[in-house]
Amino acid sequence: QWQTKWRDVFDEEVRSVPWYSVYGNHDYHSDPCICSDDVEACAQVNTGNLSHFEMPSYTYFKDLPELGVEIVGMDLNQFMDGFDHSKTREQNAFADCQWTSCKDTCWSRAKARTDASFDLFHERMAKSIAKSMIVFSHYPTDY
């Protein structure tokens with residue numbers, strides 16, 4: 001999909017600056033990343049290849065001191081059903097685990113990644129000296 005929905009859409013000049021990404025629920029359907037704790041198993045994880053996008057891990061931060069900005073990318077797939085406000089945080093689960101090859105371990109791995117994302121967010125909020133922080137995930141902030 002990156003070829004048809006990104007590279008074929010945006011000119012090389014537009015892609016010559018970093019585009020930061022995180023995994024979304026559909027990415028995990030066939031990507032081995034959700035079935036492993038080894039980030040090297042993640043097909044979409046990469047850094048510095050500007051013909052692609054930049055995603056150094058499933059959750060990460062990138063300090064851009066020359067811009068006074070820090071970026072935090074969070075894997076919050078645990079909240080794919082976050083639109084359902086009747087559910088508590090503990091009741092949310094990564095429902096798309098059913099489409100992976102490792103659904104028995106996917107649930108706990110998705111939850112661990114969400115927890116790690118929030119830990120990273122709180123750590124960076126406490127330590128960052130950047131003037132601005134950009135925080136993003138696959139899902140809207142009103143979830």
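Cys-33 and Cys-42 are both buried, buried meaning under 20% relative accessible area, exposed over 50% and partly exposed in between, with a 1.4 Å probe and protein chains only. These two cysteines are joined by a disulfide with an S to S distance of 2.0 Å; a disulfide here is a pair of cysteine sulfur atoms within 2.5 Å. The torsion about the S-S bond of Cys-33 and Cys-42 is about 55°, so this one is right-handed.

This is a predicted model, in which local features need pLDDT of at least 70 and side-chain atom pairs count only at pLDDT 80 or more, while totals for chains, interfaces and linings use all residues. Residues are numbered from 1 along each chain as its sequence is written, and side-chain values use heavy atoms, with hydrogens and water left out. As for pLDDT, the predictor's confidence in each residue from 0 to 100, the protein has a mean of 89, with 95% of its residues at 70 or more.

Searching the whole structure turns up three disulfides. Cys-35 and Cys-102 make another, with sulfur atoms 2.1 Å apart. Its torsion is about -85°, so the Cys-35 and Cys-102 disulfide is left-handed. Cys-35 is partly exposed, at 26% relative accessible area, whereas Cys-102 is buried, at 12%.

Then there is the disulfide from Cys-97 to Cys-106, 2.0 Å from S to S. With a torsion of about -75°, the Cys-97 and Cys-106 bond is left-handed. Cys-97 is buried at 0% relative accessible area, and Cys-106 counts as buried at 0% too. Counting bonded cysteines along the chain, the pattern reads 1-3, 2-5, 4-6.
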